[in-house]
Amino acid sequence: MASDRRVCTVHHMSHAAIVLVSVLLLCSAHPSAGARRLMELYKPPPSEQLTYHNGTVLRGDIPVSVVWYGRFTPAQKAVVSDFLLSLTVASPAPTPSVSQWWNTINQLYLSKAAAQGKNGGGGGKITTQVRLAGQLTDDQCSLGKSLKLSQLPALAARAKPKKGGIALVLTAQDVSVEGFCMSRCGTHASNAKARTAYVWVGTSATQCPGQCAWPFHQPVYGPQTPALVPPSGDVGMDGMVMNIASMVAGVVTNPFGDGFYQGPKEAPLEAATACPGVYGSGAYPGYAGNLAVDPATGASYNANGAHGRKYLLPALFDPATSTCSTLV
């Protein structure tokens, strides 16, 4: 089972949803207050809502091992490793913070699964946090610079993820992966027998920043609004973190295809992918929302992380209210 952070997601929609999308497309060039209000008011019917399918979620201590495939500079690696270090409830970063974003996943998803006694954890209170377990580098690209999706599990296996853990495969900007840019910015899948999962995300800086690093690059389609300044100064790496966050949210809440999702099991919408393009309050198509701006650099962000880092993280879908929950 695999799930993608897709450039363009297509799924079955009701007549009401089709009407809504039609209105929003007509208004997307110059979104009106009425169009934005319509988007806020729309609530999908129960058959189309993101729900819990009574399966497994990842809880407790989640070890994450990173596979760096291709050449990354130490500065680029630090952007991601600091993000992973920030994914803990006890993170000391000022608010709004990455740890708050992570705690939202705990509150909206993991605690609900725990209340139903799933994942072997009973209804007890368990703190779930990510632990950076290790990193390995293949800067010579031993499998070549053009990868098939079928090769990703072998790369993930090199990380030797533990049961309940995640292998994070990251490919450099000169490595192409099947479907990258054309239909996906990242994906996650699992080994149900070993009870492990993996996430793959590619660096889009030279291949498709307008698709996989928006809003830090002008979009390929739609209104050509000015690009925002990336917090790290590296469009590709800040875009990568956005997609890592989206995929980690999905793999933790739906690791084996029977957790939280909406739509068909083969192409589900999950905790973050159900809120595409939403990063701050007031977001609408072509506008990422109201974000914080660093006065020193002009960079836009919505979360503080470890070592003074700033990040832009996707909104998380709230199944209880059918709305997108943002940090700012």
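Cys-324 is partly exposed, at a relative accessible area of 33%; partly exposed lies between buried, under 20%, and exposed, over 50% (1.4 Å probe, protein chains only). A disulfide, meaning a pair of cysteine sulfur atoms within 2.5 Å, joins Cys-324 to Cys-275, with an S to S distance of 2.1 Å. The link is left-handed, with -105° about the S-S bond. Cys-275 sits in the loop between β10 (260-261) and β11 (292-293), and Cys-324 in strand β16 (residues 323-325), 49 residues apart. Helices (H or I, at least four residues) and strands (E, at least two) are DSSP runs, numbered from the N terminus. Cys-275 counts as buried at 3% relative accessibility.

This is a predicted model, in which local features need pLDDT of at least 70 and side-chain atom pairs count only at pLDDT 80 or more, while totals for chains, interfaces and linings use all residues. Residues are numbered from 1 along each chain as its sequence is written, and side-chain values use heavy atoms, without hydrogens and water.

The count comes to three disulfides. Another joins Cys-181 to Cys-208 (S to S 2.0 Å). Cys-181 lies in the loop between β7 (176-177) and β8 (186-191) and Cys-208 in the loop between β9 and α6 (209-212), so this pair ties together parts 27 residues apart in sequence. Cys-185 is joined to Cys-212 (S to S 2.1 Å).

Strand β6 (residues 166-171) has six of its six residues buried. Strands pair if DSSP finds at least two bridges between them; β6 pairs in the parallel sense with β3 (residues 61-69) over six bridges, and with β9 (residues 196-202), also parallel, over six bridges.
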